[in-house]
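Subject: Structure handover

Hello,

Here is the structure for you to open. Please keep it on screen while you read the notes below.

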Amino acid sequence: MAESPAKALRRILDSPGVHLGPSCFNALSAKLVERAGFDYCFTSGFSISAARLGLPDVGLISFGEMMDQGRQIIQAVSIPIIADGDNGYGNAMNVKRTVREAIRAGYAGIFLEDQVSPKACGHTRGRKVVPRDEAVMRIKAAIDARKESGSDIVIIARTDSRQAISFDESLWRSKAFADVGADVLLIDALASREEMKAFCEIAPSVPKMANLLEGGGKTPILNPTELEDVGFKIAAYPLSLMAVSIRAMQNALTAIKGGQIPSHESIPSFEEIKDIVGFNSYYEEEKRYATNTDQVSSQNGTLKSGKE
């Protein structure tokens with residue numbers, strides 16, 4: 001029997017070292033992550049909202065839209081995918097439904113935060129969090145949903161209280177999340193290496209996640225050796241793929257507007273593109289169903305009758 005996505009993710013969490021996870025935003029970006037050799041991948045609510053709606057990650061994208069995007073991503077790859085579950089889309093009961101649907105979609109893990117609704121994106125202004133008891137009950141509800149579903153999905157408990165209230169508050173909440181059974185802990189927007197180390201020292205048996213916002217976030221971007229030394233087990237890079245995609249498209253549009261096409265160095269060949277999106281694997285599988293009466297023309301890709 002094939003290993004479940006959650007079991008595969010738990011195996012990664014149990015293995016030595018720190019494990020880096022880029023964040024994807026659609027099926028193609030997820031395929032590129034897998035082709036690059038990464039063992040797992042996050043989804044990014046920021047990037048999905050930008051790519052799917054062209055809107056900021058401020059609670060405008062719906063639960064259904066996020067789940068639909070997630071299903072497409074999961075179906076495109078074989079590596080474990082971790083969902084951005086935002087704030088669970090409501091109270092503890094909404095959190096339970098969010099976790100159940102993530103399980104049905106095939107997610108390996110999901111991280112859930114303690115922000116109010118509408119939420120604000122990490123490392124941005126205006127973040128507010130729910131009271132302590134409600135925050136803890138959200139994580140308890142997620143754990144209960146997992147048990148009731150007979151699943152082993154990984155529950156990552158995130159607090160945004162470092163920026164909304166204080167560092168001490170974020171430590172208290174993280175410890176409380178661990179006490180109710182969270183599998184992984186995340187404090188968003190840690191502001192220094194010292195804060196990162198202090199975070200990793202609480203609930204030492206529970207793995208810690210770093211959220212390394214590229215291009216100007218509040219958390220120091222440590223290299224993998226430094227992350228491991230501090231005590232992190234997994235690290236997310238939420239904007240790299242979206243950010244470089246934006247810049248590449250801007251450069252291509254500038255070239256086209258000037259009557260040129262992007263340079264050969266900046267774009268893959270058509271053959272590479274076809275391979276990445278799956279034409280070659282499709283052609284190989286198609287051969288299994290070839291018949292004697294029909295043959296595929298290698299010249300123009302059309303079907304010709306064997307009687308002609």
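**What was found**

Of the 308 residues in the protein, 45% are buried (under 20% relative accessible area; exposed is over 50% and partly exposed lies in between, with a 1.4 Å probe and protein chains only). This is a predicted model, so local features need pLDDT of at least 70 and side-chain atom pairs count only at pLDDT 80 or more, while totals for chains, interfaces and linings use all residues. Residues are numbered from 1 along each chain as its sequence is written, and side-chain values use heavy atoms, without hydrogens or water.

The protein has 13 helices and 10 strands. These are DSSP runs numbered from the N terminus: helices are H or I with at least four residues, strands E with at least two. The C-alpha trace spans about 75 × 50 × 35 Å along its principal axes.

**The largest pocket**

Rolling a probe the size of a water molecule over the atoms shows where empty space is left. The search uses a 1 Å grid over the protein atoms alone. A cavity is a set of points where a 1.4 Å probe fits but cannot get out. A pocket is an open set with protein on both sides within 12 Å along at least five of seven lines. Lining residues have an atom within 4 Å of a point. Points are joined across faces, edges and corners, and a volume is the space filled by probe spheres set on them.

The largest pocket has a volume of about 530 Å³. Its lining has 22 residues; Leu32, Val244, Ser245, Ala248 and Pro268 lie nearest the centre. Which helix gives the largest share of this lining? It is α11, with eight residues. By class, the lining has 16 nonpolar, six polar and no charged residues. Ala, Val, Leu, Ile, Met, Phe, Trp, Tyr, Cys and Pro count as nonpolar, Asp, Glu, Lys and Arg as charged, and the others, Gly among them, as polar.

**The second largest cavity**

The whole structure holds four cavities of 30 Å³ or more. Thr43, Phe63 and Asp84 are among its lining residues. Helix α4 (63–76) supplies three residues, the largest share. The lining has seven nonpolar, three polar and one charged residues.

Gly45 lies in helix α3 (residues 45–53). Gly45 counts as buried because its relative accessibility is 1%. Leu28 is in helix α2. Leu28 counts as partly exposed, at 41% relative accessibility.

Best wishes
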